[in-house]
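I opened this one to go through a few spots and jot down what turned up. My notes follow the order in which I looked.

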Amino acid sequence: SYAATWRARSFTGKALSLVPGGSRAPVAWHDRDLYVRALVRQRLAECAPQVQAMREGFLAVVPSRVLPLFTWRELQVKVCGVPIVAVDKLQKITVYENFSGG
C-alpha cells in the first residue's frame, strides 16, 4: 500500500516539504485536494523565474496594451501559426537529400 506524505520532488530531484514536517505527515483522504493544490503551487513557484523571463522576452516584442485585443487562441495562432499541417503542400516543397524512399 502507498501512503502519500506532504512532500514532493523538485524538477531537479530535490526532496521538498509541501508543509512543515511534510516528509513525515501522511496525506489524509479528505486532504487530497489541499495536497494537489500545494503540489501545483510548488511546481508553479519552481518555474516562476523561467516563466518571468519568457514573459519579459514576449513583451519586448509584443506591447502589453494589445494583448487584451486577442483571445488566447488567437494569440497562439499569431505566435505559433495555424496548428494544421497540410501534408500535401509540405510534400511538394520538401527536398530530400541522401534518401532513397520505398
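**Helix H1 against helix H2**

I started where H1 and H2 touch: Leu44, Ala45 and Glu46 of H1 meet Ala48, Pro49 and Gln50 of H2. A reminder to myself before going on: this is a predicted model.

Next I looked up the geometry of the pair. The axes of H1 and H2, the latter covering residues 48–61, come within 5 Å and cross at roughly 50 degrees. An angle between 35 and 65 degrees is neither roughly parallel nor roughly perpendicular, so I put H1 and H2 down as oblique to each other. I kept both numbers, since two packed helices are described by the angle between their axes and the distance between the axes.

**The salt bridge**

How many salt bridges does the count come to? I got one. The partners are Glu46 and Arg43, whose side chains meet at 3.4 Å, N to O. Glu46 was already in my notes as one of the H1 residues that meet H2.

I then checked where the two partners sit. Both Arg43 and Glu46 belong to H1 (residues 32–46), three residues apart, which is about one turn of the helix.

**Thr5**

I moved on to Thr5, which I found in the segment before strand S1 (7–9). Its relative accessible area is 16%, and the cut-off for buried is under 20%, so I logged Thr5 as buried.

What is Thr5 in contact with, leaving aside neighbours within four places in sequence? I listed Gly22, Ser23, Ala25, Pro26, Val27 and Tyr35.

**Helix H3 and what follows**

For H3 (residues 72–80) I went looking for buried residues. The number buried is zero out of nine, so I noted that H3 lies largely in the open. I also checked the residue that follows H3: Gly81 has a positive phi, near 90 degrees.

**A nonpolar patch**

Last, I looked at the surface. Val85, Val87, Leu90 and Ile93 form a nonpolar patch there, with about 400 Å² of accessible area together. I picked out Ile93, which lies in helix H4 (residues 87–93).

Technical notes: Residues numbered from 1 in each chain as written. Predicted model: local features only at pLDDT ≥ 70, side-chain atom pairs only at ≥ 80, totals over all residues. Heavy atoms only, no water. Helix = DSSP H or I, 4+ residues; strand = E, 2+ residues; numbered from the N terminus. Buried < 20%, exposed > 50% of the residue type's maximum accessible area, 1.4 Å probe, protein only. Contact = heavy atoms within 4.5 Å. Patch = residues over 30% accessible without salt bridge, like charges linked within 9 Å, V, L, I, M, F, W, Y side chains within 5 Å. Areas by Shrake-Rupley, 256 points an atom, 1.4 Å probe, with all protein chains shown as cover. Salt bridge = Lys/Arg side-chain N within 4 Å of Asp/Glu carboxyl O. Axes fitted to C-alpha atoms, helices over the stretch in contact; angles between N-to-C directions. Parallel < 35°, antiparallel > 145°, perpendicular 65-115°, else oblique.
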